[in-house]
Structures are given as structure tokens and as C-alpha cells.
Amino acid sequence: MTQRTLRRFLTQTLSDNSDLVFLIEDIAAACRIIADRVRNAPFDGDLGTTKTENVQGELQKPLDLIANDVVERVCANSPRLAALVSEEVEEVTWLKPPQKGDFVLYFDPLDGSSNLDVNLSVGTIFSIMQITQDGQRDILRPGRNQICAGYAIYGPTTMLVFSLGQGVNGFSCHSTTGEFRLTHSNLRVPETTTEFAINASRQMFWDGAIQSYVADCVAGVSGPRGQYFNMRWTASMVAEVHRILMCGGVFLYPKDRENAAKGGRLRLMYEANPMAWIIQAAGGDATTGDTQILDVIPTEAHQRVPVILGSAQEVDTIRRYYRRQG
Ligand code: F6P
Ligand code: MN
């Protein structure tokens, strides 16, 4: 069977919204260019670290900045794109006076960039919302209002994975033709799992709920969970979420004693929201511990939140550990 091209899929699915088709095609084009820059970074002298910090106080990598420029440059032509909110740029970039229905693109140009120098998977995360009224610069709306969100993963194969709200589809990029084709349709996250992903080196900072949850998992068959659990941590949210979409699991970056003052580690608008949107559209679940991520009311563009997402039953189990803690 011939796999549908991204263009065919988009024009069939969004026959009444060509502006959104253009924007998603532009994002795909930007991701193809970023994939190329990532793959050729050792030849172009683009590995290593710059001396500049982003708004989060993180040292930027050359490729963080390159990926940001590529998305800005390619998507700026999109007919109804009014604004860009990037992890690497403190201020919102307004491209035109906003009109009702115009798009706002939130993005993390290169997620997991600590993996660049060791040649492991990184990705680009994006989320699209719409302006509600002419002239309204309303960029701070809960994730429920996304109309499309997804990511590109630059792994052995570059893939673009996104959801328009119902169902999640994965398009693989052919390395010679550059075409994105639908290779993974209607991805579903298994409801149950025995695999979790957390940065366990932060155990000293965890609250009681996470301490108990992880202790019960690693206690194995003789512990309260009555089964053996597996653990993964690649330090790239895109890679972690992609694995969960493919074979189930749960990803945790909880609020802990060290990151509590900042609200957590991961950013709401361009990390937590898009990944929660994708995971929920695939039948999984996503919470901060007590609130659905998609219901969190944003107060600032670069705000952070705790993130627990993945297989629905396991997320619910973790929610119960939080309730028990009170
Ligand atoms: O963008 C933030 C991020 O790099 C995620 O991709 C990843 O999940 C996390 O931070 C890694 O955190 P840590 O440095 O604690 O391993
Ligand atoms: Mn990131």
C-alpha cells in the first residue's frame, strides 16, 4: 500500500482550513532543515556550547539558536501566523497585528539538546493556538485550546508526529527524497505499563508521593505493585514521549524541593502542553499531579509546570499517591 504524503493527508483532513495546512507544511519544512543541520553538525562546527544563556538561564548550544532561526525564517511566511513564542527568545515575536483566527506558534526549537554532543536523539516540539479576537494579544491560554501540536524527532529516522485533536499520526521523512509519508497512523498509548522514566538522581529532592511511587515500583514482585518495573531516562523529552507513544510507559518530571520555586522543570506552553495534547489524543493521560496539564491557566510565556504523562492507568496510579500524601 502506498503511504500517504503529508500534503495529501493534510489537504484531505483539513480541506476547509488551507491556512493551517500551510503552517503545518512550513513546520515540516523547518524540521527537515533542522534534521539536516543536526546530522551535519560535526562537519559544520556546530557542536559544543555558546557562551549565551536563554531566558531560563540555560547555556545555549549553537544548534538551539540555528533551529530557532530556521523555524522563524521558514514559518514567518505562513499567511495567518501572527506570533511566535520560542524557548530561546524571551519576548513574544509579533509578525503582524493579530486578527481573530490568526495562529500563534509556540515551540521548543531543539529539545534535549544536551544529547547533541553525544549523537543521541533530539527533537523540535510545537503547539498552535488561535487568536480569539481582532487585536487581542492573547497568547496565554490553557492547552485545551491548542488546535494542533506535535514534535519532530531526529533519530535514526526523522519523524513528524502530530495531532489535530483526534488521533495521532506519525510521518517518516525519507532520507533521500525528503518526503514525509504517513508510516504510523492512529498511534495509541497502551493503557497499562510496567515502565517509567524519571531522573532518579533527583531522589533527594522528591516529595513523599514520588518517593513512595518509585520505591513501590522498584520493589518488584514482592512489593505493593506485585510486578517488576523497568526504567528509562534519555534526558530528551521528545525521545521519552516518542517511546511512550510507541510502546507505553510513564514520564515524570515532578515538582521537587529543588525546582519548586520555579514551578517545576519543563515549560508549559511549548513542552508540557503539546506533549499532553498528543498523549491524550492517543488515549493516554497527563497531569501535574493534581491538575490536568491541559487545564493549567498560564500566567507567563515561559512558565514551568510539573509533568506526569503516559499510559492512562499508570498516571492515575500516580495521582492516587499524590492524593494519599494530601
Ligand atoms: O528541555 C528540557 C529537557 O532537556 C527535556 O528534554 C528533558 O526531559 C529534561 O530537560 C532533562 O532533564 P535532566 O537534565 O534533569 O536530565
Ligand atoms: Mn526542551
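Arginine 320 is partly exposed, at a relative accessible area of 42%; buried here means under 20%, exposed over 50%, and partly exposed in between, with a 1.4 Å probe and protein chains only. Its partner in a salt bridge is aspartate 316, 3.6 Å away from N to O; the rule asks for a side-chain nitrogen of Lys or Arg within 4 Å of a carboxyl oxygen of Asp or Glu. Aspartate 316 is also partly exposed, at 28%. Both residues sit in helix α8, residues 312–325, four residues apart, about one turn of the helix. Helices are DSSP runs of H or I, at least four residues, and strands are runs of E, at least two, numbered from the N terminus.

A word on the basis. This is a predicted model, where local features need pLDDT of at least 70, side-chain atom pairs count only at pLDDT 80 or more, and totals for chains, interfaces and linings use all residues. Residues are numbered from 1 along each chain as its sequence is written, chains are lettered from A and ligands numbered from 1 in the order written, and side-chain values use heavy atoms, without hydrogens or water.

The structure holds 18 salt bridges. One of them joins lysine 61 and aspartate 117, at 3.3 Å from N to O. Lysine 61 is in the loop between α3 (41–44) and α4 (62–75) and aspartate 117 in the loop between β3 and β4, so the pair ties together parts 56 residues apart in sequence. Lysine 61 is buried at 12%, while aspartate 117 is partly exposed at 37%.

Next, the domains. An automatic or database assignment gives domain 1 (6–184) and domain 2 (195–325). Between them they bury about 2,900 Å², 62% of it on carbon and sulfur atoms; that is the accessible area, with a 1.4 Å probe, that two parts lose on being put together, summed over both. Leu140, Arg144 and Tyr151 supply 22% of the area that domain 1 buries against domain 2, more than any other three residues. Four salt bridges cross this interface.

Which residues does the salt-bridge network link? Glu58, Glu87, Arg265, Arg267 and Glu271.

Aspartate 108 is buried, at 1%, and glutamate 271 is buried, at 1%.
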